[in-house]
Amino acid sequence: MPRLTSSLPQIRFFFLFYFYIPCLVFLCSLSHVAESQIQDQELQVLLKLRQSWQDPSSLAHWVASNSSSHCTWPEIICEDGSITELNLVYLNINYSIPPFICDLKNLTKLDVSYNNIPGEFPTVLYNCSKLVYLDLSQNYFEGPIPSDIDRMADLQVLILSATSFSFDIPASIARLQRLRILHLNQSEYNGTYPEEIFGLSNLEELSLAYNDKFAPSQLPWNFTALKKLRFFSMPQTNLFGGIPETVSNMEALECLNLGANPLTGKIPGSIFALRNLSELYMYRTNLSGSIPQAVTAMKLSVIHLSYNNLTGNIPEDFGKLENLSCLNLQYNQLSGGIPEGIGRLPALSDVRLSNNNLSGTIPPDFGKFSPLRRFAVAFNNLSGALPEQLCHGSTLFGLAVMDNNLHGELPESLGNCSTLSVVMLNNNGFTGNVPGGLWMSPNLTALILSGNGLTGELPKELSPNLTRIEMSNNRFFGKIPSTVSSWTKLVVLDASNNLLSGTVPTELTELTSLTTLLLGQNELSENLPTAIVSWNTLNALNLSHNQLSGQIPRKIGLLPVLTQLDLSENQLSGLIPPEIGQLNLNILNLSSNRLSGRIPNELEIAVYDASFLNNPGLCATNSFMRLNVCNSQSHRLSKSSLTNLTLIVLLAIAVAMFVLMVAIFTIRAFREKRDEYDSTSEQTLFQSSNFSKSNVLSGLEKHNMIRSGRSGKVHNIIENHSGDAVVVKIISN
C-alpha cells in the first residue's frame, strides 16, 4: 500500500506531461488557425467593401499588410480577433450597403452615419444575425421603413435620424422589444407614429423630434409609463393639448423636450420635482400661467421656457439651482424682479430674460461667481446701473441690455473684455465716455450705443472685426478721423444726431464693405469729397441736417447699388448732376438746399414730388413736381438747355459775321467804282465825237431828256449844223 501511494504523483505527472499538455497545445494551435482563417476572411470582406464603394479616399488605408492587422484600423473594433463593430462615420460613402457585409458573422454594431448613402432601407442587414446597434442617420435613404423591420429582433439601438424616410412609422417597430434607444427624428414621415412605441418598456431614449409633417396628436396617455426613459424629445411634432401631471412618474427622466408645439395649459408643478431632470425644453408653445414656484429638481442645468405666455414672477428657487448653466425665459410676460440668488449661481453662463415686464435693478453679482458667456435682459423696465463684474471670467461674448431704463456710466471692465462679440446698449440713459478698450475689443463685430447720453470723440482705431457701429442720438463730438480708412470691415455706420464737426473725409469713401452711412443731424461742413474711392456696396447715404456746401459730387450718381439718398437741410448749391437720375432710388431727399437749374428728366415722377422742396432756384417741366415750371423765358435753365442755347448763339454770331463781311466787300467794291467818276456829276464821253463840251452842255435841256432813273438822267442831243446826235447820261452822285 505505501508503494502504491507513492506511485500516484508519478502517474499524475505522467498524465499531465504526456497527455494533457499536448492536447492543450494542439487545441490552442487549432484555435489560432481558426482565428487566422476568420481574420483572413474578414479582411477580404473589408477590401471588397472598399471596392464596392468605389475606393473612397477616406478608406485608402484599407490595404492588406503583413505588419499589422485590420483590427488596428480606426473604423474597426475587434474582439477575440474578429470584427464586432464598423464605425464608418463621415467617410463620404456614396453607394448602397452591399449584402456581403453580413459575411462579418460577429458584427454587432454598424454605424454609417453622416455619409451620402442612397436607396431604400437596407434589408440586406436582416442577415446580420448578431446586429444590436444600427445607425443609418444623416444619409439619403428614402421610402418607407419596412413593415417587417421586426425581423431584426435583437436590435437594441436603432437610429434613423435626418434621412428621407417617409410615410407612416410602422407598428412593427414596437415589436422590437429589446430596443433601448430609438431615434426617428427629422425625416419626411407624413403620417403618424404608433402609440405602441410607448409600450417599449426597455426604452431609455426616444426621439421623434422635428417631424412637422406628423398628423396633429396629443401626448399618448401611456408615455409616462416609460419608467426607464432618460431622454424624451418630441419638439415640432404637432403635439397639442396639455402636459399631464403624471409626468412625475418618469423618475429616470433627465431630458424633456416638448418645444415648438401648440401645447396649452400650465406647466405641471410635478416636472420641477423630478430628481434626475437636468434639461427642460418647453419653448415656443402656448403654455400660460405662472412658473411653478416650488423647485426641487436640483440637477437642472438648462431651463428653456422662452416664447410662451407665462406670467407672474421668476421663482426664487431658481437661485438655488447650483448646476444651472442656462436660463432662458425670454419673450414671455413675466414681471417682478430678477431674484438676487440667480446672480450668484456658480455654473451660470447663459442668461436670457429679454422681452418681459421685469422691473427693479439687475442683481450686482452677475458675472462675479460664474463665467458668463451671454447676458440678455433687453426690452424690460429694469433700472439702475450695469453690474461691474459682467466679464469677470473673461468669457462674455454677448451683451444685450437695450430698451430699459438703465443709467450711469458704462463699467470700465467692459473695456478689458477681449471675448466680446456683440454689445447692444441702446435706448437707455447711459452717460459718460465709452471705455477706451471697448472700441478695440479684438473679437467685437457689433457695437450698438444709440439713444443714450454718451459723449467723447470717435476713436482713431477700431476692432479689426467690427462690422456695425450704431451710435446715433448721443453727444459724440469732434471730427471724423482720417484713420477711418482702417475700419476696413465696417458695413454699417450710424452716427446721426450727434455733435460731429469738420468735413466728410475722403478716407471715408475708401471703405469697400460699407452698405449704410448715416451722418445726418450733425455739424459737418464744407464740400463733400468729389473723389469717391470705393462705395460700390453703399445702398443708404444720409448726410441731411448738416452745414455742407458746394455742389453735389457727380460720382454719387455712379454708385451702383445706392437706393436711399438724403442730402436735405444743407447749403448745397449748383445743378443736380444728371447722373443722379440714373439711380434706382427708393428714397430721395434734396430739399432745403440752394440748388438751381432744371431737375433731371428721370426724376420728374410723382414719387419724388417732395424731394426738391425749398430750393427756389430749381424748376421742372411738370407742375405736379411742386416746383417752378421751367419755360423759354426763364433764366433757370438746365445744363442741357444752356448747351442748346450756346449752340444757337454761336450759329447766329457766325451768320451775322458772314453778312457783315459780305456787306463790307460790297461797299468797298462800290466805292472803288465810284472813284472812277467825278464827284460833282462830271459828264463822260463814251466814244469819240465832233461835239464840243459847250455843245453838250447847251443841249442838256429838259426837252432833250429821254429817260430818268435812280442812277441818273439820259439826254439825246442833236448837233444843229452836222445833224449828228449823241446820248449823254448824267450820273447822280
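## Histidine 61

Leaving aside neighbours within four places in sequence, histidine 61 is in contact (heavy atoms within 4.5 Å) with Trp73, Pro74 and Glu75. Histidine 61 sits in the loop that runs between α1 and β1 (76-79); helices (H or I, at least four residues) and strands (E, at least two) are DSSP runs, numbered from the N terminus. Its relative accessible area is 33%, so histidine 61 counts as partly exposed; buried means under 20%, exposed over 50%, and partly exposed in between (1.4 Å probe, protein chains only).

## Model and conventions

This is a predicted model, in which local features need pLDDT of at least 70 and side-chain atom pairs count only at pLDDT 80 or more, while totals for chains, interfaces and linings use all residues. Residues are numbered from 1 along each chain as its sequence is written, and side-chain values use heavy atoms, with hydrogens and water left out.

## Overall composition

The protein has four helices and 47 strands. Of its 733 residues, 46% are buried. Among contacts with a separation of 6 or more, 43% join residues 24 or more positions apart.

## Nonpolar cores

A nonpolar core is a set of buried Ala, Val, Leu, Ile, Met, Phe, Trp, Tyr and Cys residues joined through side-chain atoms within 4.5 Å. The largest one has 173 residues, and Leu86, Phe232, Phe318, Phe375 and Phe612 have the most contacts inside it. Elements giving two or more residues to this core are α1 (2-52), β2 (82-87), α2 (436-439) and β43 (617-620). The largest share, five residues, comes from α1.

Beyond its neighbours within four places in sequence, phenylalanine 375 touches Val351, Ile362, Phe366, Leu390, Leu396, Gly398, Leu399, Ala400 and Val401. A second, separate core has five residues, among them Cys255, Tyr281, Tyr283 and Val302.

## Positive phi in two loops

Tyrosine 307 is a residue other than glycine with a positive phi, near 55°. Tyrosine 307 lies in the loop between β17 (302-304) and β18 (309-311), and is partly exposed at 29% relative accessibility.

Histidine 545 likewise has a positive phi near 55° without being glycine. The loop that holds histidine 545 runs between β37 (540-542) and β38 (547-550). With a relative accessible area of 38%, histidine 545 is partly exposed.
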